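Colleague: Could you take a close look at one part of this model and describe it in a single connected account?

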Amino acid sequence: MVQLKHENFLARPRKSGKSLSLSTANAILSAKTELFEGTKLMTAVENGDPAVAHVAQLWEKGAGVPVLHLDFSRVDGSPEVFKGDLLAHLRRASALIGVLLSSSSAPGALEELFRAVEKRGQKLAVLIDEYDQPIVKMLAQNGGKMDENVDANIRVLHEFFTALKAAFPLNGYCLFMTGVSKFSRVSLALAQPSAMLMRH
């Protein structure tokens, strides 16, 4: 079993390019090298700079790693549809890397995805943008007050992130997340505003 070796926390103000950073990370991890022609990153890779050795390894065969890119700001925040919408979002994102999921729950689908990628002999990169939006949206509707609707969304996220933490050591490559709030009961604590990168 692979153990997590590095964990980094990056604090950035709002509207400072956290989502753009995830899109850039997606392109790097997916080995879309044509997007980096003429950049300092490409020059560093070509010159054998040891600081970007991990990128050079990803780009060596032009394949990169499969990337699960989820944007939780696009998930419906109402408790009545949130759980199903999260599963649908996960299925769409998985289909983009060639994995069709049959599980009837988001935690089950997440485990199914990691298993499918493992069978390919690959590691999975996970990018999650705005992890806290389903909770933030409900708090905004409630005037900032906690209620049963906010609690319902916290429970769904807790189940999802518990499943992610269990599946990631199997064959996870890296986990990069952004958010603007700290919610301790979702099984993942991030300080505000944040982007967290964990990689092997």
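Modeller: Helices here are DSSP runs of H or I of at least four residues, and strands are runs of E of at least two, numbered from the N terminus. The model is predicted, with local features requiring pLDDT of at least 70 and side-chain atom pairs pLDDT 80 or more, while totals for chains, interfaces and linings use all residues. Residues are numbered from 1 along each chain as its sequence is written, and side-chain values use heavy atoms, without hydrogens or water.

After α6 comes G143, with a positive phi near 70°.

From α7 comes N153, itself buried at a relative accessible area of 1%. Its side chain reaches the backbone oxygen of P134 at 2.9 Å. Beyond its neighbours within four places in sequence, N153 is in contact (heavy atoms within 4.5 Å) with G77, P79, F82, P134 and M138.

The other covering helix, α4, also meets α5 (residues 106–119): their axes, lines fitted to C-alpha atoms over the stretch in contact, come within 9 Å and cross at roughly 15°. Therefore α4 is roughly parallel to α5, a term for angles under 35 degrees on a scale from 0 to 180 degrees between N-to-C directions. L86, L87, L90 and S94 of α4 make this contact with A106, A109, L110 and L113 of α5.

Note on methods. Angles under 35 degrees count as roughly parallel, over 145 as roughly antiparallel, 65 to 115 as roughly perpendicular and the rest as oblique. Buried means under 20% relative accessible area, exposed over 50%, partly exposed in between (1.4 Å probe, protein chains only). A polar contact is a pair of N or O atoms within 3.5 Å; within protein, one must be able to donate a hydrogen and the other to accept it, and residues adjacent in sequence count only if both atoms are side-chain atoms.
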